[in-house]
Amino acid sequence: MPQTSMASSLVAPPSTSFFHTKKDLNLSAFSSSSSSSSQRYQKHASRKICCSVSAPQQTQRQPSTTGSVKTAMTMTEKILARASQKEQVTPGDNIWVNVDILMTHDVCGPGSIGIFKNEFGKDAKVWDREKVVIIPDHYIFTSDERANRNVDILRDFCNEQNIKYFYDIKDLSNFKVNPDYKGVCHIALAQEGHCRPGEVLLGTDSHTCTAGAFGQFATGIGNTDAGFVLGAGKLLLKVPPTLRFVMDGEMPNYLLAKDLILQIIGEISVAGATYKSMEFVGSTVESLNMEERMTLCNMVVEAGGKNGVIPPDSITYKYLEGKTSVPYEPVYSDHQARFLSEYRFDVSKLEPLVAKPHSPDNRALARECKDVKINRVYIGSCTGGKTEDFMAAAKVFLASGKKVKVPTFLVPATQKVWMDVYSLPVPGSGGKTCSQIFEEAGCDTPASPSCGACLGGPKDTYARMNEPQVCVSTTNRNFPGRMGHREGEIYLASPYTAAASALTGYVTDPREFLQ
């Protein structure tokens, strides 16, 4: 954890100006910020890290004592400036960035390794064997020989390069006998301590942006870029401008972070943050636990975002305790930092949402879709397969006391999440675990941890949509064919909404069971 003196020196004064016009949103699902909300926000932020705002005004550049001109920076700009060893960076700058962690998995790893060997030589060594993290997770529990071969290629490479962090799996018949196997890469990265404030994490997966929840610059890259990073330890990146999302208000007991990010994507569209950083602040964000923050950052790429980021705080540091011994230095947006736009939300007015087929920005209120008959429910993935996600689903099943009316598939993200499902008592249940509640509700037995059917996968992937069915899913994408069959229809939803829908056989507002 960072030293107190260092952290306090990085706290920005409670005032922020914005580069473009501030946007107060006023849609049916939420109300625009009132003056009282603004006052609560400023009062709250005055004792927190870099979260208060003032009326928009043009940033004034003041000359320093040396005569040079210095401009305040956002969190993302500061991280990239440090990683490129520059005093100052500006959106649009192309800079060489030193990488702290490179992650790849079984889908993109073999291609990245092939490019590395082709460009750097068949006997070349990676730039740092302790900064490469390789996590098989996508197409694991399958008899598909090509998918199995991908994991073999990863294993051979890691043995050759003596990679320190390779989370291998050899016995596919029983994941529990593989002590190194973790599961979904984005959740495993956090659980294994690879997500640290102020660092740069690149991964060959678009949802690498999940790690931004830790105040880290994290983004997905392609195989060619990954092959270069393996050999050079750096990458040429363009500095993105930043959109700031201010979320205030007490979170209703029927909402989860999935509802928040679906609201945002529905507002700005799947192209609204293209190659932009999305910074999340406000009293609501500060109240979220780390797993909920990860959900928020996970789906910024569904709005086209380059990265998502949340200012680290005591909740962040508490999560990291015991997970990493690597020193880290958090950064925060300066009080005069330039933001492209600001969006403000009164979360207390938000309702449960879904994203209808076939786009994450096809937003609708869950209650507006009550006549949509469904065939199945899927709870899992990097977005919706964390411990807190299963706790949320169990809460709905417990409150209803009913059995599900459609097949309900449960895929824990990691081995640790699987263990939590079977060991942690659900609050208010009298000591029952999630697995007990799921069994009583008639759900399928929790499956082996992996990405499962989120990306479709080979035909024998557990819970893959091999027929043109309608599914309510806690995953992140609902494009045609995403979970298998091209004519399948996917409604993206929170674990609350997914569980409620499983109980009725229709898309269902969870307030039916939680109020």
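Colleague: What makes strand 15 and strand 17 a pair?

Modeller: Three bridges join strand 15 to strand 17 (residues 470–473), and the two run parallel. Two strands pair if DSSP finds at least two bridges between them, so these two qualify. Strands here are DSSP E runs of at least two residues, numbered from the N terminus. Tyr 378 stands opposite Ser 473 in strand 17.

Colleague: What kind of model is this?

Modeller: This is a predicted model, where local features need pLDDT of at least 70, side-chain atom pairs count only at pLDDT 80 or more, and totals for chains, interfaces and linings use all residues. Residues are numbered from 1 along each chain as its sequence is written, and side-chain values use heavy atoms, with hydrogens and water left out.

Colleague: How do you know that strand 15 pairs with strand 16?

Modeller: Four bridges link strand 15 to strand 16 (residues 408–411), in the parallel sense.

Colleague: Why is Val 507 called buried?

Modeller: Its relative accessible area is 1%. Buried means under 20%, exposed over 50%, partly exposed in between (1.4 Å probe, protein chains only), so Val 507 counts as buried. Val 507 lies in the loop between helix 16 (495–504) and helix 17 (511–514). Helices are DSSP H or I runs of at least four residues.

Colleague: Which residues is Val 507 in contact with?

Modeller: Leaving aside neighbours within four places in sequence, they include Val 354, Ile 374, Val 472 and Tyr 491. Contact means heavy atoms within 4.5 Å. Val 507 and Ile 374 are 133 residues apart in sequence, yet 6.9 Å apart C-alpha to C-alpha.
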